[in-house]
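Please keep the sequence and the structure in view while reading.

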Amino acid sequence: MFEQNRETLDQALSAISERGYWSAYPESPSPRVYGEGAAERGKEAFESYLGRPFPTDQPSTGDPVGAERSPYGIELGVTYPRPDVAALIAAAKAALPAWRDAGPEARALACVEIVNRVNKRSFEIANAVQHTSGQAFVMAFQAGGPHAQDRALEAIAYGYAAMTASGTAARWEKPAKGDPLVMEKKFTVVPRGIGLVIGCNTFPTWNSYPGLFASLVTGNPVIVKPHPRAILPLAISVQIAREVLAEAGFDPNLAQLAVEEGVGLATELAVHPDVRIVDFTGSTTYGDWLEANARQALVHTEKAGLNTVVLDSTDAYKGMLGNLAFSLSLYSGQMCTAPQNILIPAAGIDTDEGHKSFDEVAAGIAAAVGKLLGDDARAVELTGALANPDVLARVDNAPALGEVVLESRAIKHPAFPEATVRTPVIVRVDPARSDVYTSEHFGPISFVIPVESTEAALNLLGETVSAHGALTAAVYSTSADVLDRAEKAALEAGVNLSCNLTGGIFVNQSAAFSDFHGSGANPAATASLTDPGYVAGRFHIVQSRRPA
């Protein structure tokens with residue numbers, strides 16, 4: 001098991017250094033890649049879970065919980081064992097010593113094996129992601145499968161690199177009068193303690209795997225607490241991890257699932273004195289609470305943000321509009337990286353099609369969205385379904401925030417008639433209405449804001465991101481000076497910047513091993529997925545020394 005994964009680990013270690021394109025797991029769901037019948041077997045495996053208790057060997061109270069319902073209208077009916085917090089903590093603590101003593105290499109290779117096994121069940125997990133998050137199937141396969149698996153492997157590589165940055169032993173000799181002073185020293189990586197991963201509804205695997213594997217590889221047992229509406233993808237993932245750990249001779253309770261129907265379990269676990277790491281993706285309100293109250297733990301949060309686009313000029317007007325339309329429409333804007341605030345000089349912008357007024361640019365974006373989503377059958381494969389009733393309420397209330405440039409419309413899904421599908425709404429907002437655009441409106445809602453100038457737009461980008469956070473920013477300009485100033489504004493605000501995207505790369509997409517997701521340099525996130533800072537606090541190095 002270990003030796004067959006060494007090459008993958010070595011490739012991942014090279015990739016995090018070089019930052020070029022590399023992927024261990026193909027994103028194409030083609031039978032040529034994953035084999036004939038893989039898609040059908042995956043769907044059958046997913047359907048085998050429905051309407052029955054989830055198969056698990058994890059200790060529990062025996063009382064079943066679970067109330068997942070697909071955003072596409074399907075009752076899932078899967079139940080899970082109700083967790084006992086004291087039992088979870090005790091099992092994790094008992095599992096830690098042997099995992100710690102195995103050392104970084106054994107842990108890393110075992111973790112790679114877990115990810116490889118997860119990859120082999122990508123179609124099964126994709127169906128589970130689709131019917132808990134509302135993503136369209138292709139996106140659920142790619143983002144919930146290979147892309148998430150790459151992020152897991154990236155976290156393993158960063159964790160292993162950090163743990164092995166210094167030697168494990170040394171013979172220390174210091175010259176002295178007479179014989180030298182000689183010491184034998186040993187340096188051991190010691191895990192911080194139990195990790196808690198609090199999953200989100202929209203990207204249950206993509207956002208959870210980094211924390212799960214960053215903690216596991218650095219020696220920490222992990223309790224995974226999924227979002228109540230998106231349990232199944234993580235339940236499958238944890239079960240795979242338990243199988244691999246047991247086969248490798250370790251306690252499977254290094255990975256445990258903690259399920260709830262309502263609220264309160266995450267809070268109880270997060271402040272438990274034995275929980276020493278918390279990874280969370282979700283609302284700003286709860287993320288802020290965790291940062292303030294889980295004082296015994298290292299807390300990593302990814303929260304809300306005001307993702308901003310500045311339009312100054314372009315030499316590819318149609319490409320710019322199409323790129324923005326795709327970014328606004330993808331998964332109905334239910335991505336933490338989706339644009340919200342589009343800042344446009346009130347006097348308009350210069351383009352390869354001549355000068356365009358503010359109204360023409362706003363109408364152009366709206367028309368591009370309308371064209372992209374004009375065919376309902378095609379549109380639903382891009383938008384997916386709304387995962388949360390709160391998102392639908394925000395879409396319905398958006399017209400009251402300003403002047404509607406593009407109305408949202410309901411789409412009837414041809415395969416799932418009970419699915420809730422909405423196209424984006426675009427609203428013109430006066431720059432004086434900071435109360436509107438300095439709040440995140442999660443979902444297919446964006447604002448076009450007429451600002452005094454490009455300089456004013458860059459200043460507003462810096463101010464809003466510094467104060468409220470963002471995971472992405474974008475600028476369109478034909479001016480090298482403007483691009484330089486935009487880059488400076490983004491650096492000062494601590495937000496990742498994309499410039500002049502007009503082709504097949506979009507601001508709300510992030511490539512593992514090359515793109516950093518979040519920065520930790522503004523309020524939207526405490527760290528980047530994944531960089532050295534994301535893994536470093538998950539372990540300590542403890543030394544022992546004795547005279548040689």
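## Strand 18 and its partners

Strand 11, which spans residues 341-345, pairs with strand 18 in the parallel sense over 5 bridges, and within this pairing Ile344 stands opposite Pro450 of strand 18. The model is a predicted one. Strand 17 (residues 425-428) also runs parallel to strand 18, to which 4 bridges join it, and here Ile426 is the residue that stands opposite Ser446 of strand 18.

## Burial of strand 18

Strand 18 covers residues 445-451, and because 7 of its 7 residues are buried, the strand is largely enclosed by the rest of the structure. Ile445, Phe447, Ile449 and Val451 point one way from the strand, whereas Ser446, Val448 and Pro450 point the other way, and all of these residues are buried.

## Lys303 in its loop

Lys303 lies in the loop between strand 9 (298-302) and strand 10 (308-311). With a relative accessible area of 7%, which is under the 20% limit, Lys303 counts as buried.

The side chain of Lys303 makes a polar contact of 2.8 Å with the side chain of Asp288, and another polar contact, of 2.9 Å, joins it to the side chain of Glu291. When neighbours within four places in sequence are left aside, the residues in contact with Lys303 include Asp288 and Glu291 themselves, along with Gly282, Ser283, Thr284 and Gly287, and also Leu471, Pro523 and Ala524.

Conventions. Residues are numbered from 1 along each chain as its sequence is written. This is a predicted model: local features need pLDDT of at least 70, side-chain atom pairs count only at pLDDT 80 or more; totals for chains, interfaces and linings use all residues. Side-chain values use heavy atoms; hydrogens and water are left out. Buried means under 20% relative accessible area, exposed over 50%, partly exposed in between (1.4 Å probe, protein chains only). Helices (H or I, at least four residues) and strands (E, at least two) are DSSP runs, numbered from the N terminus. Two strands pair if DSSP finds at least two bridges between them. A polar contact is a pair of N or O atoms within 3.5 Å; within protein, one must be able to donate a hydrogen and the other to accept it, and residues adjacent in sequence count only if both atoms are side-chain atoms. Contact means heavy atoms within 4.5 Å.
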